[in-house]
Amino acid sequence: MGGAWIATSLVVLYLVGASSQEQLSTRECENLGFTGLALCSDCNSLAEYVKDQELVSDCKKCCTEDSNDSMTKITYSGAILEVCMRKLVFYPEIVGFIEEEKDRFPSVKVQYIFNSPPKLIMLDDAGEHKETVRIDNWKREHILQFLQGKVKPTSAV
């Protein structure tokens with residue numbers, strides 16, 4: 001009888017855990033560092049490489065369900081790369097992007113905000129903030145690839 005009770009308890013705990021896959025607020029997700037993972041398929045990819053179930057669970061609470069690949073096709077009119085100037089020394093990849101690659105993206109502006117972690121704030125046609133992506137540990141090529149895929153090309157004058 002003890003084994004059956006334990007098995008039943010585990011099933012109940014699993015169901016309670018599964019139902020607690022509530023979405024977290026944008027701020028909670030940003031504090032966890034997950035705002036850059038917009039799609040739940042990204043969390044599934046994360047789970048293949050990271051064996052920390054709590055981390056994967058947090059990721060799934062901050063993601064958007066993939067809907068026929070429409071999310072990956074969303075593009076933005078521009079972006080703001082926000083970072084604290086005093087902390088730039090800790091982010092050589094971001095410094096490299098700003099100094100050597102940023103000019104390739106005229107619609108991307110750099111904004112120095114005291115104590116801000118490095119992030120990309122994606123903008124719509126009206127200049128409104130639509131998505132925030134933390135880029136603390138991104139390499140320069142990841143920033144380039146992301147912006148090439150997410151920021152609409154600007155027409156040459």
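Student: Which residues of helix α5 (residues 92-101) are buried?

Tutor: In this predicted model, the buried residues of α5 are Ile-94, Gly-96, Phe-97, Ile-98 and Glu-101.

Student: What covers the buried residues of α5?

Tutor: The cover includes β1 (78-83), β2 (108-112) and α6 (140-150). Contact here means heavy atoms within 4.5 Å.

Student: Val-95 lies in helix α5 too. Why is Val-95 called partly exposed?

Tutor: Buried needs under 20% relative accessible area and exposed needs over 50%. Val-95 has 23%, so it counts as partly exposed.

Student: How many disulfides does the structure hold?

Tutor: There are two disulfides.

Student: How do you know that Cys-29 and Cys-62 are joined by a disulfide?

Tutor: A pair of cysteine sulfur atoms must lie within 2.5 Å. For Cys-29 and Cys-62 the S to S distance is 2.0 Å, and a disulfide is therefore assigned. Cys-29 sits in helix α2 (residues 26-32) and Cys-62 in the loop between α4 (53-61) and β1, so the link ties together parts 33 residues apart in sequence. The angle about its S-S bond is -95°, and the link is left-handed. Both Cys-29 and Cys-62 are buried.

Student: Why is the disulfide of Cys-43 and Cys-59 called left-handed?

Tutor: Its torsion about the S-S bond is about -85°, so the disulfide is left-handed. Cys-43 belongs to helix α3 (residues 40-49) and Cys-59 to helix α4, so parts 16 residues apart in sequence are tied together. The S to S distance is 2.0 Å. Cys-43 and Cys-59 are buried as well.

Student: On to the sheet. What is the order of its four strands?

Tutor: The order is β2-β1-β3-β4, in an open sheet with mixed pairing.

Student: What makes β2 and β4 (129-134) the edge strands?

Tutor: Each of them pairs on one side only. From one strand to the next, the twist averages 20°.

Student: How do you know that β1 and β2 pair?

Tutor: Pairing asks for at least two bridges, and β1 and β2 have five, in the parallel sense. One example is Val-83, whose bridge partner in β2 is Tyr-112. Helix α6 packs on this sheet, touching β1, β2, β3 (119-123) and β4, and its direction makes about 5° with that of β3.

Student: Which residues touch the most other members of the largest nonpolar core?

Tutor: Of its 20 residues, these are Leu-81, Ile-94, Phe-97, Leu-120, Met-122, Ile-135 and Leu-147. The elements giving two or more residues are β1, α5, β3 and α6, and α6 gives the most, with four. In soluble globular proteins, nonpolar side chains tend to be buried together.

Student: What does Ile-135 touch?

Tutor: Leaving out residues up to four places away in sequence, Ile-135 touches Leu-81, Ile-94, Pro-118, Lys-119, Leu-120 and Ile-143. Another core lies apart from the largest one, with seven residues, among them Phe-34, Cys-40, Cys-59 and Cys-63.

How values were computed. Residues numbered from 1 in each chain as written. Predicted model: local features only at pLDDT ≥ 70, side-chain atom pairs only at ≥ 80, totals over all residues. Heavy atoms only, no water. Buried < 20%, exposed > 50% of the residue type's maximum accessible area, 1.4 Å probe, protein only. Axes fitted to C-alpha atoms, helices over the stretch in contact; angles between N-to-C directions. Core = buried A, V, L, I, M, F, W, Y, C linked by side-chain atoms within 4.5 Å.
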